[in-house]
Amino acid sequence: MDKPWLSRYPSDVPETINPDQYPSLVEMFEQSVHKFADQPAFVNMGAVMTFRKLEERSRAFAAYLQNDLKLRKGDRVALMMPNLLQYPVALFGVLRAGLIAVNVNPLYTPRELEHQLNDSGAKAIVIVSNFASTLEQIVERTPVKHVVLTSLGQMLPGAKGTIVDFVVKYVKGMVPKYNLPGAISFKKALHKGRRMQYVKPFMTGDDIAFLQYTGGTTGVAKGAILTHRNMLANVMQAKGMYGSVLNEGRELVVTALPLYHVFALTVNCLLFVEMGGQNLLITNPRDIPGFIKELQKYPFTAITGVNTLFNALLNNEDFHELDFSRLSLSVGGGMAVQRAVAEQWKKSTNCLLLEGYGLTECSPLVAAYPYDLTEYNGSIGLPVPSTEIRIVDDEGNPVSNDETGELQVRGPQVMQGYWQRAEASKEVINEQGWLSTGDIVKFDDEGFLHIVDRKKDMILVSGFNVYPNEIEDVIALNDKVLEVAAIGEANEASGEIVKVFVVKKDSSLTKEEVIDHCREHLTGYKIPKRVEFRDDLPKTNVGKILRRVLREENDAKLTKTDEKTV
């Protein structure tokens, strides 16, 4: 297949990048912290951490992991925290020690956390005290031997940290009681590590940097194996697309998306560390008034987020009073950017909202709007440099550029496979290295890619992947349920919500019971917002439930309702 998108590249966007520019993420990090030593690297709740401090603290943590915890190259360490100064310190400490970072959503339920810790084989975890009670419930059933505990205010200077922790724990009641014998405080770990010798391990681009968990195309969460080279390639690809509007050492990017999410991890944390930029970490982006107060304090030049976040900002009056004169880069990812949001963002900030498309298995960036686009065009942009794409039919055969089919990707950012799941890996990556995305796409006349449909059944709630199998497995645990199917239903606020169709085994079952049952086992965004009871569910001749039919019927019903409303 030829490359119709190349002619649409701005003249200074390279066709290819060098994924081996740095031998490893550690080398990239070391060069940046040396080059930009006394410039701010991360800011959170008013506290500033320079690149020099980041280097010192991450080196101390790496030494602690190597010497006190006796962790060896290739061991896995879980990181379970929101956006705090502790995150980059722990992250780069883990990588510098030659270990593998396993990012964990802090909102996981005990069941979800137990699966990820067991599947990854994590020997240690760095966790915020707010979520320690979740870990306490399952830690004895996991390989975790070392718990490093921190608090929201632990790295804030002077009395401020003490006040924050007091308010969070005693005023707001956000730290449930827990008992984790043997846990060491993050602050104490750094103190001990400063007196220990750090030994830089030999690392290459082929070493694993992250196990980034995702549902993949179906089912239970799997760890995408992302090497140092995968991540470096994607950093360089993002820089290739956006670098012309960024000034080395002079950027301040707003990081409201959690750094445990691969989009923020690559585009905010790693890219802006490489470029000597400053990350403004927003710990609780759901507090829109508080978020905007933070934005008032800083002359931000770049911002990333999901459509729902941009929409929430635009619907707050105070947001429109901010100074956008220095804003040169706005990137939306994680879910589709809606036209109304993109157009209002441009009108309010005078900065186009550039959509990026990707998936965890691609570190994640696959395609992005070019920076010189002047208006929203409804596409997912152009493939990033050094990325091969093709469109295939149901049999996996390439089709011509004017036809619709499934998007396949090949490039240096494509994962090595799923952790300890050879068969699942073969299902998505063929022998030629082509990764099947599950997304149905087409090109327009200018070479822009457009998503037509999703082949897979994944539900996208505010940028987070929700997998029907998981929802169905949880609901099926209820003795009153005979059958269940989960689908995504369009929603203006979150993109989609989870809707479930249930066949009762016990006629006394209520919708409230189904939702309450889900609350015990699932993170908030996975909990169904709508429950519909049915006498039976559509199935194939071998008994497989047809979610596609349910989606079509549900869409038709919603369309009729809308027509009646009009």
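**Notes on the fold**

1. Start with a pair of facing residues: Val 409 stands opposite Leu 435 in β19. The strands in question are β18 and β19 (residues 435-443), which run antiparallel and are joined by 4 bridges. Strands count as paired here if DSSP finds at least two bridges between them. Helices (H or I, at least four residues) and strands (E, at least two) are DSSP runs, numbered from the N terminus.

2. A word on where this comes from. This is a predicted model, with residues numbered from 1 along each chain as its sequence is written. Local features need pLDDT of at least 70 and side-chain atom pairs count only at pLDDT 80 or more, while totals for chains, interfaces and linings use all residues; side-chain values use heavy atoms, with hydrogens and water left out.

3. Back to β18 (residues 405-410). Strand β17 (residues 388-392) also pairs with β18, antiparallel, through 5 bridges, and Ile 391 has Leu 407 as its bridge partner in β18. How much of β18 is buried? The count is 5 of 6 residues, so the strand is largely enclosed by the rest of the structure. Buried means under 20% relative accessible area, exposed over 50%, and partly exposed in between (1.4 Å probe, protein chains only).

4. Follow the chain out of β18 and look at Gln 413, in the loop between β18 and α13 (422-428). Is Gln 413 buried or exposed? Gln 413 is buried, with a relative accessible area of 0%. Leaving aside residues up to four places away in sequence, its contacts include Asn 230, Asn 234, Gln 237, Glu 361, Cys 362 and Thr 387. Contact means heavy atoms within 4.5 Å.

5. Next, strand β12 (residues 302-305). Ala 302 and Thr 304 point one way, Ile 303 and Gly 305 the other, and all are buried. β12 pairs in the parallel sense with strand β10 (residues 252-255) over 3 bridges and with strand β13 (residues 329-332) over 4 bridges. Ile 303 is a handy landmark: Val 254 has Ile 303 as its bridge partner in β12, and Ile 303 in turn has Ser 330 in β13.

6. Between β12 and β13 the chain passes through helix α11 (residues 307-314), and this β-α-β crossover is right-handed. The term applies if, with the strands pointing away from the viewer, the path from the first strand over the helix to the second runs clockwise. α11 is mostly covered, with 6 of its 8 residues buried: Asn 307, Thr 308, Leu 309, Phe 310, Leu 313 and Leu 314. These buried residues pack against several elements, among them α10 (288-297), α12 (339-349), β14 (353-358) and β24.

7. Apart from residues up to four places away in sequence, Asn 268 touches Val 253, Val 254, Thr 255, Phe 263, Val 273, Asn 279 and Thr 304.

8. Now the sheet that contains β24. It is an open sheet of 3 strands in the order β23-β24-β25, with mixed pairing. β23 (481-491) and β25 (530-533) are the edge strands, each with a single partner, so one side of each has no neighbour in the sheet. Strand β24 (residues 495-504) and β25 pair in the parallel sense over 4 bridges, and Phe 501 has Glu 532 in β25 as its bridge partner. Helix α14 (residues 468-476) packs on this sheet, touching β23 and β24, and its direction makes about 140 degrees with that of β23. For that angle, axes are lines fitted to C-alpha atoms (for helices over the stretch in contact), and angles run from 0 to 180 degrees between N-to-C directions.

9. Last, helix α6 (residues 158-171). Which residues of α6 are buried? They are Gly 161, Val 164 and Val 168. These cover an arc of only 65 degrees around the axis, which puts them on the same side of α6; the arc is that of the directions from the helix axis to the C-beta atoms. The face turned away carries exposed residues, including Ile 163, Tyr 170 and Val 171. Just after α6, Gly 173 takes a positive phi of about 60 degrees.
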